[in-house]
Each structure stands twice: as C-alpha cells, then as structure tokens.
Amino acid sequence: MGFLDDVQASLNRGVAGANRGVETLKIKNQMNDAMKRRQQLAAQLGASLYEVTKDDPAFRTGREQLFDGIAQIDAERASLQAQLDEIERQNAASQQAATVVVCPFCHTRISASDMFCAGCGKSMAEIMAASGAQAPAPAPATPAAPAGSVCPKCGAPVNPGDAFCMSCGEKLNA
C-alpha cells in the first residue's frame, strides 16, 4: 500500500497548495480593496486640506506649482461647467420654441414661447387656461437684432401678417 499512500500524500499536498493559493489571492484582493479605500480617503483629505491651506503662504511655500495647478484646473472646470449650462439653456429654449400651440380662440398656430397670440392678441396664460394646459415658463429674454418690422410699443421683432406683437400683445396695424 505504499504506492497508494504516496499518491494520497501527493494529492493532499496538491490540495493544500491550491488552498494556500486561493487564500493568497483572497488576501491580495482584500489588500487591493483596502488600498483603493485608502487612496480615496487620502484624495478627500488632500482636497479638504487644499481648501483650508490654499491662501496660507506658509503652506504654499515649496508647493506653489501644486497649488497653482489645482487652481488652474478649478478655473478650467468652472469654464467648462458654464459652457455646459449655456448649452442646456439653449437646448431648453430651443425645445420650448419648437413647441407649437393652437390658439383655441382664433386657431392660429403659435410658438409656446410666445407671450401672446399673433392672430387675436390673447395672452399665453389665457390661451393655456382655455385649452386646459399649463402655461409654459417664459423663456429668458435674449436680445436679438430686429430684422424687418418691429413692434411700435416695445421694439420686438414682428412677423409679416401678425395682428399682435408676440412680446407685449400690442395690436399691430396690418
């Protein structure tokens, strides 16, 4: 039975070695996870220390390049965020302007961003109330160079054939 005992011992050593290998991998994964958590905490600590020390010359000495680099990146991020905000604002304004409403009083098709109906001069609030819809939030005023006709009361551009100004509701002379 010596041969079978040798085979059994070899198998036992192989299983024990495999178990040690699995245990080693588990521990290494746990170490990697711990290191990632440490790096995240160190980054949070660094960010909080930066905020507290960025204006203190004693802390900046010898680290000017780091402080200035972070400040430059913060300024770049603020600029990029402003660009994103402007794109989102333009997108919202475009979507609102693209929405068409049919006036329930005169059946003229008008943009949801208009303040008054071009056909009958009713306000958007009256139009929405009559149609059972909620009035859209007014779009932020964007100054545009008037091309062609303008309203005599408020100076807003008007389209040919409009009976009323879209901005102030003034009745226009046909």
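This is a predicted model, and the protein's mean pLDDT (the predictor's confidence in each residue, from 0 to 100) is 85, with 90% of its residues at 70 or more. Where pLDDT is low, the predicted coordinates should not be read in detail.

A bit of bookkeeping: residues count from 1 along each chain as its sequence is written, and side-chain values use heavy atoms, leaving out hydrogens and water. Local features need pLDDT of at least 70 and side-chain atom pairs 80 or more, while totals for chains, interfaces and linings use all residues.

Now look at helix α1, residues 2–53, where L11 sits; helices here are DSSP runs of H or I, at least four residues, and strands are runs of E, at least two, numbered from the N terminus. L11 counts as exposed because its relative accessibility is 51%, the cut-offs being over 50% for exposed, under 20% for buried and partly exposed in between (1.4 Å probe, protein chains only).

Further along, an unreviewed UniProt entry puts a "coiled-coil region" at residues 70–97. That span is 100% helix and 0% strand, and its end C-alpha atoms lie 40 Å apart.

Finally, find S111 in strand β2, residues 109–111. Is S111 buried or exposed? S111 is buried, at a relative accessible area of 16%. Skipping neighbours within four places in sequence, S111 touches Q96, A97, T99 and M124.

How values were computed
UniProt positions are given in the numbering used here, feature names are shortened, and annotations may be inferred rather than shown by experiment. Contact means heavy atoms within 4.5 Å.
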